[in-house]
Amino acid sequence: MTSRHLPARRFAGDRLVIASHNKGKIPEIAALLQGRVPRLTSAAEQGVPEPEETGDSFIANAELKARFVAAATGLPTLADDSGIAVSGLGGAPGIYSARWAETPDGTGRDFGHAMEQVRLRLGDNPDRTARFVCALSLCWPDGHCETVEGEIRGTLVWPGRGTKGFGYDPIFVPDGHGRTFGEMDPAEKHAMSHRADAFRKLVARCFEGG
């Protein structure tokens, strides 16, 4: 079950699985959790495959991944699902943000291709607003989940600027700033990002207090 309206379940264990095969995510998540979990491991290290993401929202996909890995490992599991939602495209690419980056020949992902797809599909639409979204779901082996969602709003620009970020960062200027995420130092970006927003909510809900 998901308990967004019931008292939160606090994380009280000493081991947490990250539902990811991305080696870069564990140190990033460890930094965001600020030492609140003694031991972090990953689905890849546990030999658990990534499930097919069949949800219709960021929250649904995050919960699906966290539940799958928690059931397979018998350990509390944290999963995230994130992407960019463009207002002028009705919220697309949304949960399909990574798929939009798949190259036409199917050999990999190219976010330059993805950003060009956004530009072409927007065409002359003057609405360039967008938001980055991150859903985080912490699930236990009994099926209980605590799920939060963070976001940051901004405006899209072309051509893209900066090489410090990844994904859609070069075309996204957060509200109140003049530089794209691709132009910002990682520490500056991470302090305000959709993922940081989601982690602040998750830490307050499941890792702080009694």
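This is a predicted model: local features need pLDDT of at least 70, side-chain atom pairs count only at pLDDT 80 or more; totals for chains, interfaces and linings use all residues.
Close-up 1. Residues are numbered from 1 along each chain as its sequence is written, and side-chain values use heavy atoms, with hydrogens and water left out. Threonine 180 sits in the loop between strand E6 (172-174) and helix H4 (186-192); helices (H or I, at least four residues) and strands (E, at least two) are DSSP runs, numbered from the N terminus. A polar atom of its side chain lies 2.6 Å from the backbone oxygen of arginine 161. Leaving aside residues up to four places away in sequence, threonine 180 touches Val157, Arg161, Asp169, Pro170, Phe172 and Val173 (contact: heavy atoms within 4.5 Å).

**Close-up 2. Glycine 143, in the loop between strands E4 (129-139) and E5 (145-156).** Glycine 143 counts as buried because its relative accessibility is 16%. Its C-alpha atom is 9.3 Å from that of alanine 66, a residue 77 places away along the chain.

**Close-up 3. The largest nonpolar core.** A nonpolar core is a set of buried Ala, Val, Leu, Ile, Met, Phe, Trp, Tyr and Cys residues joined through side-chain atoms within 4.5 Å. Among the 19 residues here, Leu16, Leu33, Leu78, Leu136, Leu138, Leu202 and Phe207 touch the most other members. Strand E1 (15-18), helix H1 (25-33), E4 and helix H5 (194-206) each supply at least two residues of this core, and H5 gives the largest share, five residues. Apart from this core lies another, of 17 residues, including Ala101, Leu122, Tyr168 and Met184.

**Close-up 4. Aromatic pairing of phenylalanine 11 and phenylalanine 207.** Rings of Phe, Tyr and Trp (its six-membered ring) pair if their centres lie within 6.5 Å; planes under 30 degrees apart count as stacked, over 60 as edge-to-face and the rest as tilted. By this rule there are five aromatic pairs. Phenylalanine 11 and phenylalanine 207 form a tilted one, 5.3 Å centre to centre with 35° between the planes. Phenylalanine 11 lies in the segment before E1 and phenylalanine 207 in the segment after H5, so the pair ties together parts 196 residues apart in sequence. Both phenylalanine 11 and phenylalanine 207 are buried.

Key
Buried means under 20% relative accessible area, exposed over 50%, partly exposed in between (1.4 Å probe, protein chains only). A polar contact is a pair of N or O atoms within 3.5 Å; within protein, one must be able to donate a hydrogen and the other to accept it, and residues adjacent in sequence count only if both atoms are side-chain atoms.
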